[in-house]
Each structure stands twice: as C-alpha cells, then as structure tokens.
Amino acid sequence: MSDIGKSITQFIIEQQRVHKKSTGEMSGLLNDIVSACKKISHLVNRSGIIGIGGAAESENVQGEVQKKLDIITNDVMVDHLNWTGHLAAMASEEIEEIIQIPANMPKGQYLIAFDPLDGSSNIDINLSVGTIFSILRCPEGVKDPTVEDFMQKGTEQVCAGFCVYGPTTMMILTTGKGVNGFTLDRDVGEFILTHPNMTIPEDTAEFAINMSNQRFWEAPVQRYIDECMQGVDGSREKNFNMRWVASMVAEVYRVLTRGGIFLYPLDTKPTTKGGKLRLLYEANPMSFIVEQAGGVSSTGYQRIMDIKPESVHQRVPVILGSKNEVERVMGYHTE
Ligand code: P6P
C-alpha cells in the first residue's frame, strides 16, 4: 500500500518503531512542533485580517527590524514546546539568549534551535515564509543546558525540518532516513504525506542568488555565476534560469522538488558579517535535509554540517542543492 495519504502523526509513530531504542520522546516533540506550525500557518494566513502584519517597534539580535509576526510566532513556538517535557532548552533567532524550560515544567532529552518565521520580510508582500527547526540531543547528564551544549556540529542533529507557509502549507521532515513532505489538509487539520522520499536531481540549470550583492562576492562565486550568465555560448554550453524569492524555505523547497543551486555566499558586505544565514537554525537544518535528499551543502570551502559552532547566532556562507553543481562551485574554491 502506498504511504501517500498517511497522516504525519501515523508516519511519526511508524518511524519511531523503526528506531528500536526510541522512547517516544521524539514522536512527542515532533507532534508538538506540528501543532505549533499549524497555529503559525493559521496566523500567517489571517495576518491581514486580524492586524498582525507589518513591523514591530523592536529589533532582533541580528539588528533587523522585527515584524509583529516574528515575535508572535516565536511565542507560539515557545508556548507549544516549553511545557511538554521533551526539551531541555531552546534557541531562537528572535532571542539573544538560550530559552530555559520553566522551573515548574518537566525537561526532556532534546535541544531545539529554530527560526520561527524565516523570510518574514515577505509577509507584507504575500510571499512564502516558513519555520525552520533543528533538533539535537542534550548532552548526557546536563540538567541546565548552557550555550555550550548547543555548540554541536550539524552532523549531531537527530531531526530537522521546515514548514513553508505558501499557496499550500507543507512540512518537510528528516530524521536521518530520507526526506518526506506533508501537505496541510485544512479540512481535517492534519498534515498528509504527499511527497514521500524527496530527492534532489544531481544536475540543474537553475541558480538562486541575490545578484545585487555581486560586487561583494569572492572570485570563485563571481566565476561560477558569470559562467551561468554566459549561457549556451559560454563554457557551460547551456542556458541557466535564475530565481530569488528572498525566503530560504521557498528556495530549498524548490530545490527539493526540481533541483537547483542556492547560494548566499561569503561576501565583503559589512552587514552580513561573513554570511547572512545563521548556522544553528537555518544552515544546519537545511543542510541535513538537502544531504538526506541526495544534495550537497557547503560554505564553498567545507561541508556545513562539519562546522563546530562557536555561538548561537553565528553566520555562515551557504551553497547548497544539486550535487554536481555544488561540487563544481566547491572545486572553484579549492583551485
Ligand atoms: P536578502 C530571510 O531574511 C533570509 O534569512 C533567508 O530566508 C533568505 O534566503 C535571505 O535571508 C534573503 O536575504 O539579502 O536577499 O534579503
């Protein structure tokens, strides 16, 4: 019987049975995240109606002006996750410090790092936004996690996923055994498996980059994009298409469905401090998903999931997607 149409709840519990030593904690945590993302989907879809669009009067730790929904969705994630007893602590793009579990609440064996609403600058122009999350084990015997306990390489992730709030709301999930996509059926309020075993084509003729930063890129990326732009008359002997949504969840979902290469490279722009995207809750979870789908994810110089984090909001350059294309760009970095 095809798995298509299976609910995410059933899928998660069946996956739990595959992991012989599982205690059900991961299943419980994933169901908590699913509930939070359903709530966020509802709020995003109604933001214009209930007046929660637009900017807040505050800035986040990145110095970026926050949207009202950045703050609201962060609260939704915390409120859905801080009482269920599956987590030892949390880290959020929107909060400088790690978020401790309230003293009167039970703790669990996992840590989560999340971006509650990635691409939120797109909210007011009605483009796709999303929630990205990364799940790590809390180190053995640690009762009160510190920042240091979050400083784990991406290879230590036990689960990663994102929910994209677009024309449809979709949850993309990996626990290290492939990538599966679930579509929210609003009539029954459940995510349904619609995209089993997602894989990224090894080749592509579609790149995604913010071209306005071109003058700030390093030479290998300048060379790669220049060759793409030369098209069939150039050394690549084929024409390329370009996309840039300015919402990582939308770009990565497109790469998962039809291939492509997404680049937010190292640049000398002062404001990006060595990269735009954050390692713990953007680059690492998306790298786990991309690699599980047969793609590659690199800074250009090294595998992103091999980086030992040094801070919660650390930024890294990201080049991910179709294997052969990303490996070409990596080759340019080592030449
Ligand atoms: P730019 C959104 O703010 C984000 O973190 C990613 O989702 C997206 O890929 C990137 O930044 C867009 O950056 O500089 O094009 O606005």
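How many bridges join strand 6 to strand 7, and do they run parallel or antiparallel? Seven bridges link the two, and strands 6 and 7 run antiparallel. Keep in mind as you look around that this is a predicted model.

## The chain as a whole

The protein chain contains eight helices and 17 strands. Its radius of gyration is 19 Å, close to the 20 Å that the globule rule gives for 335 residues, so the chain is as compact as a globular protein of that length.

Of the 335 residues in the protein chain, 56% count as buried.

Now turn to strand 6, which covers residues 129-137. Eight of its nine residues are buried, meaning that each has under 20% relative accessible area. Strand 6 is therefore largely enclosed by the rest of the structure.

Strand 6 pairs with strand 5 (residues 110-118) through seven bridges, and these two strands run antiparallel. To find this pairing on your screen, look for Ala113, whose bridge partner in strand 6 is Ser134. Strand 6 also pairs with strand 7 (residues 159-165), again through seven bridges in an antiparallel arrangement. A handy landmark here is Thr131, which stands opposite Cys163 in strand 7.

## Around the ligand

Which residues come nearest to the ligand? There are 13 residues around the ligand, and the nearest are Asp118, Asn210, Trp244, Met248 and Tyr264. Strand 13 (261-264) and strand 14 (277-278) each supply at least two residues of this shell. Sorted by class, the shell has six nonpolar, three polar and four charged residues.

In Asp118, an N or O atom of the side chain is 2.7 Å from an oxygen atom of the ligand. Asn210 also uses its side chain, with a polar atom 2.9 Å from a ligand oxygen. Met248 instead brings in its backbone, where an N or O atom lies 2.7 Å from an oxygen atom of the ligand. On its own, the ligand has 400 Å² of accessible area, and the protein covers 84% of that.

Notes
Residues numbered from 1 in each chain as written. Predicted model: local features only at pLDDT ≥ 70, side-chain atom pairs only at ≥ 80, totals over all residues. Heavy atoms only, no water. Buried < 20%, exposed > 50% of the residue type's maximum accessible area, 1.4 Å probe, protein only. Helix = DSSP H or I, 4+ residues; strand = E, 2+ residues; numbered from the N terminus. Pairing = 2+ DSSP bridges. Near = heavy atom within 4 Å. Polar contact = N/O pair within 3.5 Å; in protein donor to acceptor, adjacent residues only side chain to side chain. Areas by Shrake-Rupley, 256 points an atom, 1.4 Å probe, with all protein chains shown as cover. Nonpolar A, V, L, I, M, F, W, Y, C, P; charged D, E, K, R; others polar. Rg over C-alpha atoms; globule rule 2.2 N^0.38 Å.
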